[in-house]
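Please look at the sequence and the structure first, and then read the points below beside them.

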Amino acid sequence: MQGFKENPALNINALPKFNPELVSCFINYFCMKLSYYYIVACALLLCTTTQAQRRRRAPNTNDTISSNYIPSEAFAPLYYTSNGNEFHSADGKPGPKYWQNRVDYSIKANLDTVGKIISASENISYTNNSPGALPFLWLQLDQNTYKPDARSNFPTGASATQHTNGYEFESVELMQNGKVEKAVYVVNDTRMQIRLPKSLAANGGKINILIKYHYVIPGNFGGRTDYVDTKNGKIYEIAQWFPRMCVYDDTRGWDTLPFLGSGEFYLEYGDIDYSVTVPYDMIVAGSGELVNPQEVLTAKQIARLQQARNSDKTVMIRGVDEVTQANTRPVNKGTLTWHFKMNNTRDVAFGASKAYVWDAARVNLPQGKKSLAMSVYPVESAGNGAWGRSTEYLKGAIEYFSQKWFVYPYPAAINEAGIAGGMEYPGMLFDGMTDKSNVLFFVTAHEIGHNWFPMIVGSDERRFAWMDEGFNTFIDVYASDVFNKGEYAPKRDGEYAPGGGNPADEIVPIITDPKAPVIMTAADAISEKYRHPVAYFKPAFGLILLREQILGKDRFDYAFKYYINNWAYKHPTPDDFFRSMENGAGEDLSWFWKGWFYNNWKLDLALIDAKYVDAGDVKKGIRVTVANKEQMVMPFTVEVKYKDGTKERVQLPVETWLQNKAITFIFPSTKEVADVYVDPDAALPDVNRVNNHLVVK
């Protein structure tokens with residue numbers, strides 16, 4: 001503001017003269033008005049003071065309750081760290097410019113049962129669909145995890161005592177435009193880098209990698225690849241047996257995490273054509289379709305397989321009494337080569353033994369499609385109390401998952417009995433040869449379920465175990481409910497254990513354990529103590545909460561299938577899943593992802609008070625106060641039990657907690673109330689159920 005200056009043009013003597021009587025009258029009038037406003041002001045002050053006193057006499061429950069809950073943390077906006085883009089859309093779908101590299105394999109392998117050696121020649125056809133040229137390539141060498149200096153010896157602090165030399169390479173060559181030359185490569189632990197003489201062109205550039213190698217098969221210490229003795233011969237379980245391309249994607253470029261054991265696989269899709277030469281008396285059970293049955297099977301076995309393709313009952317291809325009979329092999333000396341093909345797959349595995357009993361049955365898929373379920377096992381595992389029902393279990397699980405989520409895409413699925421004890425590959429399961437009854441059913445349903453996660457929906461299980469084990473544990477819970485009218489139901493307490501415990505109670509020790517890692521922890525950073533609870537159980541139960549308590553079955557199922565269909569044979573990230581569920585169900589679930597996946601937040605709903613609105617008239621309802629005492633939030637149910645035994649419920653949404661630590665509402669009861677319950681079904685993971693009930697006096 002500018003400074004005030006005297007105006008020389010203003011003549012004070014020129015101003016009009018004031019009448020003294022008029023001035024006196026004005027002053028009296030002003031004093032009267034002033035007295036009036038003073039009285040009004042005092043009245044207003046008195047009213048305000050009285051209201052404040054009333055507020056102190058009836059305090060806000062949010063201010064008086066003891067709670068660790070902070071609404072602004074649970075419902076903070078901007079959950080996602082980045083926006084959707086042209087590769088991964090904001091609605092959870094692959095973007096319009098999403099790309100993915102491709103790899104096809106042609107492999108010719110030999111199983112030496114004397115030296116326990118796999119030797120092979122491999123032709124890898126790699127296509128670079130990315131928008132950038134690649135000056136080098138990376139491959140996974142999982143067999144190197146058995147070397148004495150492997151990194152996998154160190155994370156747990158308990159080094160392995162048995163070792164192999166891992167892969168031994170005879171030659172590594174490159175072929176491009178018909179020209180073959182030696183490759184320049186460096187092996188580091190379970191990775192191989194090939195340094196190209198010329199960068200592989202973007203947007204469809206192709207190259208072939210030719211590798212000749214061999215390795216000694218680990219014995220019973222192999223875990224996922226091994227051999228073991230049985231009454232009629234050794235069983236070989238052969239997996240992670242050929243060098244495979246690392247994934248190159250739009251998230252981090254080359255994904256070169258070493259193979260340490262707990263973190264499993266992240267692989268590209270393509271077609272795999274492979275042949276395995278074995279002694280003539282062995283049966284080979286492999287991923288995909290056997291394309292030369294006339295060369296490796298007898299006419300009787302081929303006829304029985306055809307019968308099985310048209311039978312819902314299990315058909316014996318090679319019975320218990322036939323295992324030692326020479327006429328179950330088409331020749332009686334030398335070797336036989338078994339030839340398999342599998343299209344649009346990430347991997348293949350196989351089992352081989354002369355001790356196999358073999359059976360099969362038809363799998364009925366939606367839209368009239370068919371597949372074939374098969375089991376191979378030693379005579380020690382036979383019988384309807386054990387592996388005699390394996391194919392029935394396998395068939396039932398595939399049919400359910402196909403009807404419920406996504407149609408099984410492969411021509412066959414095989415359950416193989418050995419000592420790997422629960423391991424999955426596309427179309428191939430390695431399950432425990434001593435498993436029986438419900439344990440065999442649970443492990444079979446679980447391992448074949450992995451064909452949906454992560455074999456069809458190709459997530460990175462080496463980084464995000466929960467997108468593999470958690471999702472699959474979730475879907476096989478419901479498979480247990482429907483198989484044979486619930487013969488082995490319910491399965492609610494984790495991965496394989498029978499008994500049907502309440503998962504809402506069983507999860508409490510995990511979310512209250514200050515040392516427990518969160519779901520988003522890297523797979524190999526989760527210790528064995530927490531591996532099952534954190535990678536399997538908690539994410540699976542989280543999806544059950546979403547389906548049964550938060551979204552409802554219809555909305556959840558629609559959104560979950562939206563995710564599966566969008567990312568089948570592609571590479572989703574965690575954000576793609578979160579966005580798919582939110583968009584498909586029409587719900588902002590950031591509070592749930594934050595509390596359940598990124599944190600181990602606890603939930604403690606407490607029933608603080610329950611009184612009649614008017615003790616003289618029970619029909620006016622009861623006033624109920626519920627508090628949220630911990631960091632996690634959930635929608636919840638309040639149940640009133642009347643003195644005549646009847647019950648009524650109200651459902652309160654998660655928005656109840658947007659601003660409040662406690663909520664008071666009128667339950668419209670119309671008769672005498674005996675008890676009030678919060679979460680009456682014990683469906684929520686409430687860490688303190690003692691405060692969930694009140695008797696109304």
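A residue is called buried when its relative accessible area is under 20%, exposed when it is over 50%, and partly exposed in between, using a 1.4 Å probe and protein chains only. The model is predicted, and for that reason local features need pLDDT of at least 70 and side-chain atom pairs count only at pLDDT 80 or more, while totals for chains, interfaces and linings use all residues. Residues are numbered from 1 along each chain as its sequence is written, and side-chain values use heavy atoms, with hydrogens and water left out. Helices (H or I, at least four residues) and strands (E, at least two) are DSSP runs, numbered from the N terminus.

**Helix H9**
- Helix H9 covers residues 469-482 and is mostly covered, since twelve of its 14 residues are buried, among them Phe471, Phe474 and Tyr478.
- From its first C-alpha to its last H9 reaches 21 Å, close to the expected 20 Å, where the expected span is 1.5 Å times one less than the number of residues.
- Just after H9, Asn484 takes a positive phi of about 45°.

**Aromatic rings and charges**
- The structure holds 67 aromatic pairs, a pair being rings of Phe, Tyr or Trp (its six-membered ring) with centres within 6.5 Å, called stacked when the planes are under 30 degrees apart, edge-to-face when over 60, and tilted otherwise.
- The rings of Phe578 and Tyr598 form a tilted pair, because their centres are 6.3 Å apart and their planes are at 55°.
- Phe578 lies in helix H14 and Tyr598 in the loop between helix H15 and strand S25, so this pair ties together parts that are 20 residues apart in sequence.
- Phe578 is buried, with a relative accessible area of 0%, whereas Tyr598 is partly exposed, at 36%.
- Lys538 lies over the face of Trp596, at 4.8 Å from the ring centre, which counts when NZ of Lys or CZ of Arg is within 6 Å of the ring centre and within 35 degrees of the ring normal.

**Helix H15**
- Eight of the eight residues of H15 are buried, so this helix is largely enclosed by the rest of the structure.
- The cover over the buried residues of H15 includes helices H3, H12 and H14, where contact means heavy atoms within 4.5 Å.

**The open sheet**
- Three strands form an open sheet in the order S25-S26-S29, with antiparallel pairing, and two strands pair if DSSP finds at least two bridges between them.
- S25 and S29 are the edge strands, each pairing on one side only.
- S25 and S26 pair over seven bridges, and Leu607 stands opposite Val626 in S26.
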